[in-house]
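Biologist: Please take a close look at one part of this model, the surroundings of the ligand. Then follow whatever connects to that part.

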Amino acid sequence: NSEIVNVVITGAAGQIAYSLIFNVIKGDMFGNDQKIKLVLLDIPAMIDGLRGVVMEIEDCAYPLVSSIVCTTDVKEAFTDAHYAILVGAMPRRDGMERSDLLKANAAIFKVQGKAINDYANKNVKVLVVGNPANTNALIASTCAPNIPKENFSCLTRLDHNRAKAQIALKANVNVKDVHNVIIWGNHSSTQYPDSRCGYINLPTGKTPISNVIKNDQWLQGEFITTVQKRGAAIISARKLSSAASAAKAITDHMHDWVFGTPEGEYVSMGVPSDGSYGIPEGIIFSFPVTIKNGKYTIVQGLPIDPFSRALIDSTHSELIQEKTSAFQFIE
Ligand code: NAI
C-alpha cells in the first residue's frame, strides 16, 4: 500500500505504548506493506522519556516507519489522523476518590475528542484504552459530533483474549481452537465473560465449550471471576498493570477492525449501544461483533438466559452510573 497512514498513540511514553509501538511498526496491526507516520503524544513531563523511545524506534530500523512526530500538543497530534489509539489517561493514585478519577479523565478525553473532531481525518478510527475506557470513549465521541459515533470504540479485547486463554487451559487445547467467547459490558470487574455460545475445534469437529468442559459450576463461577479479576491479579503479582498483553489486544482490535474477522468468528469490542440485547443507545458497551470492510456489526439473536440477563444488566447499570458521574464534568 503506497498511501502512508497517520497513526496517533497517546500515553506514548508509558508502559503499554512501550510494547504497542513496536507491534505497530513491525506490521502486526496494519500489515507488512503499510507505511506509517507515527505520531506520539504525551504530557510535557514525559517528553525526555519519549525522546528515548523515539531513539529506540529508529534503532529498530523497521522499514514501515516513514516518519515519527513526538508532541505534547493535541492539535499537532490529531491533525489528519487516520487512526487514534488513546492509551494515555490519569491513573488512580492513593487517596483519590472515584469521582476525582472520573473528573480528571473527563477533562483529558474532552480535549482529545474535540481535537479529533476539529483536526482528524473524518474517517478516523478511534480506540480508547485508558481507563475507565468505556466512559472515556463516550466522552471523546460526545465531544466529536462531526465524527460518526461508530468510529469510536473501547478496548475489551484483552478481556476477550483472557477468556479464550482460560478456556484453552481448562480444556487442554490450543488457544487457536477456542472461538466465540464474548465479553459483555464494561471493561471493569462487572464485565460478563460468557462462554455459552463458544465452541472448540476438536479433531472430531466443532464442539460447544460446555460439551468439552462439562462443569457448569466452573463456567458460571471461577471462569467468570478469573477473567473479571485478571487485571488485579497481574498488578498484585507484577506490581505493574498488564502491558504486553494489553498491547497485543490493542493490535488484535485494530487489525480486525481494518482487515475484518474470519467468517463466523466473533470478537468483543466496546462500541456504541444501539438497543441490541436491551442495552439502549447512549453508552459504549462491549458486544460480540463481526467485521467486514472496516465496519463492525453487533451479532444479533444470541440467546440470553436469566443468569446472563442479570450479569448484563448489572454491568449496564454500572456504565449508566459512570456516565452520570463523568458527564457532570463535561458540560
Ligand atoms: P502508564 O502510566 O505507564 O502510561 C500512561 C502514559 O499516559 C504516561 O506516559 C502519561 O504521561 C500519559 N498521559 C497521561 N495523561 C496524558 C494526556 N492527557 N495526554 C497524553 N498522554 C497522557 O500506563 P499504562 O500501563 O501504559 O496504561 C495506560 C492506560 O491503559 C491506563 O489508564 C490503564 O488503566 C489502561 N489499561 C486499559 C486496558 C484495557 O483493556 N482497556 C488494559 C490495561 C491498561
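Modeller: **The ligand shell and the core**

The shell around the ligand divides into 17 nonpolar residues, 10 polar and 1 charged. Here Ala, Val, Leu, Ile, Met, Phe, Trp, Tyr, Cys and Pro count as nonpolar, Asp, Glu, Lys and Arg as charged, and the others, Gly among them, as polar. This is a predicted model: local features need pLDDT of at least 70, side-chain atom pairs count only at pLDDT 80 or more, and totals for chains, interfaces and linings use all residues. Residues are numbered from 1 along each chain as its sequence is written.

In total, 28 residues surround the ligand, each with its C-beta atom, placed from the backbone, within 6 Å of it. The closest are Gly11, Gly14, Ile16, Gly88 and Ala89. Helix H1 (residues 15-26) gives the largest share, 3 residues; helices are DSSP runs (H or I) of at least four residues, numbered from the N terminus. Domain 1 (5-154) and domain 2 (157-323) each supply at least three residues to the shell. Those bounds come from an automatic or database domain assignment.

Now the core. The largest nonpolar core has 91 residues. Such a core is a set of buried Ala, Val, Leu, Ile, Met, Phe, Trp, Tyr and Cys residues joined through C-beta atoms within 7 Å; buried means 20 or more other C-beta atoms within 10 Å of a residue's own, placed from the backbone. Val8, Ala84, Ile116, Val129 and Ala140 have the most contacts inside it.

Take Val129. Beyond its neighbours within four places in sequence, Val129 is in contact with Ile16, Ile85, Leu86, Val87, Leu155, Ala246 and Ile250. Contact means C-beta atoms, placed from the backbone, within 7 Å.

Definitions and conventions:
Helix = DSSP H or I, 4+ residues; strand = E, 2+ residues; numbered from the N terminus. Buried ≥ 20, exposed ≤ 12 C-beta atoms within 10 Å, placed from the backbone. Contact = placed C-beta atoms within 7 Å.
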